[in-house]
Amino acid sequence: MGLDFTTECVIKLLAATLCGALLGLERMHHNQVIGMRTLILITVSSALLSILSSYMATAPERGDPTRIAAGVISGIGFLGGGAIMKQGLNIKGLTSAAIIWTAASFGLAIGAGLYVQVGVALIISLSILIGLEKINTKFFPATRSKSLHLCFENETLDMNKISQTIKKHGMIIADVNTSRAISVKRIILHYSVQAPREDDFDELIADLNKIGTLSEFSITD
């Protein structure tokens, strides 16, 4: 026996809540601003609008069911755009924006009754978010653009050795600028690098000190 309309709607909204919660847990694990509450609201509201769209298609007064779905897709684009921001040399929020889009699509699909399809898409999405991060960390550790500032109290330096030392510590050099303060025998180096996600650079500092007298070291986004 089929479910009545109200019971089916409740099941759809609960399924949307579960999808939003699972996506939100992944974002909270990474300390992102877009968290569980936001994603649950997106999936539940999208599911509700999808239910309304389906209802309009069968209601006696009949409306255009495609207009609501199109409105959700347009509106979610603005919300996703607000999650993207520039921080230093890096762009943050692209994954969160994609998850916002994914959450809305889950809600719309659940509202249309596509439970199996949403279940498969949810498994794929979570596998990508969790699994690919581990792969990136292992095989592509240098993922963040940073500015590396070095100041040596020396008149001359082996620049190739400095570059090799920086690369040995997992950084990829994109560009370098050099300036000299001749009167005080000081060499200042500015590197644009792709750096691993770590904050402990004591070993790098120690190795650079073996090349010259390092008086300043800073690495910033």
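1. Accessible areas here come from the Shrake-Rupley method with a 1.4 Å probe. On that basis the protein chain has an accessible surface of about 13,300 Å², and carbon and sulfur atoms account for 61% of that surface. The model is predicted.

2. Fold content: the protein chain holds seven helices and six strands. Read from the N terminus, the order of elements is α-α-α-β-β-α-α-β-α-β-β-α-β.

3. Of the contacts between residues at least 6 apart in sequence, 69% join residues at least 24 apart.

4. Ser 50 sits in helix H2, which spans residues 36-58. Its relative accessible area is 7%, so Ser 50 counts as buried. Setting aside residues up to four places away in sequence, Ser 50 touches Gly 107, Leu 108, Gly 111 and Ala 112.

5. Aromatic pairs: the count is one. The partners are Phe 201 and Phe 217, in a tilted arrangement with 6.2 Å centre to centre and 45° between the planes. The pair links distant parts of the chain, 16 residues apart: Phe 201 belongs to the loop between strand E5 (186-196) and helix H7 (202-211), and Phe 217 to strand E6 (residues 214-220).

6. Exposure of that pair: Phe 201 has 10% relative accessibility and therefore counts as buried. Phe 217 has a relative accessible area of 24% and is partly exposed, because buried means under 20% and exposed over 50%.

Notes
Residues numbered from 1 in each chain as written. Predicted model: local features only at pLDDT ≥ 70, side-chain atom pairs only at ≥ 80, totals over all residues. Heavy atoms only, no water. Helix = DSSP H or I, 4+ residues; strand = E, 2+ residues; numbered from the N terminus. Contact = heavy atoms within 4.5 Å. Buried < 20%, exposed > 50% of the residue type's maximum accessible area, 1.4 Å probe, protein only. Phe/Tyr/Trp six-rings, centres within 6.5 Å; stacked < 30°, edge-to-face > 60°.
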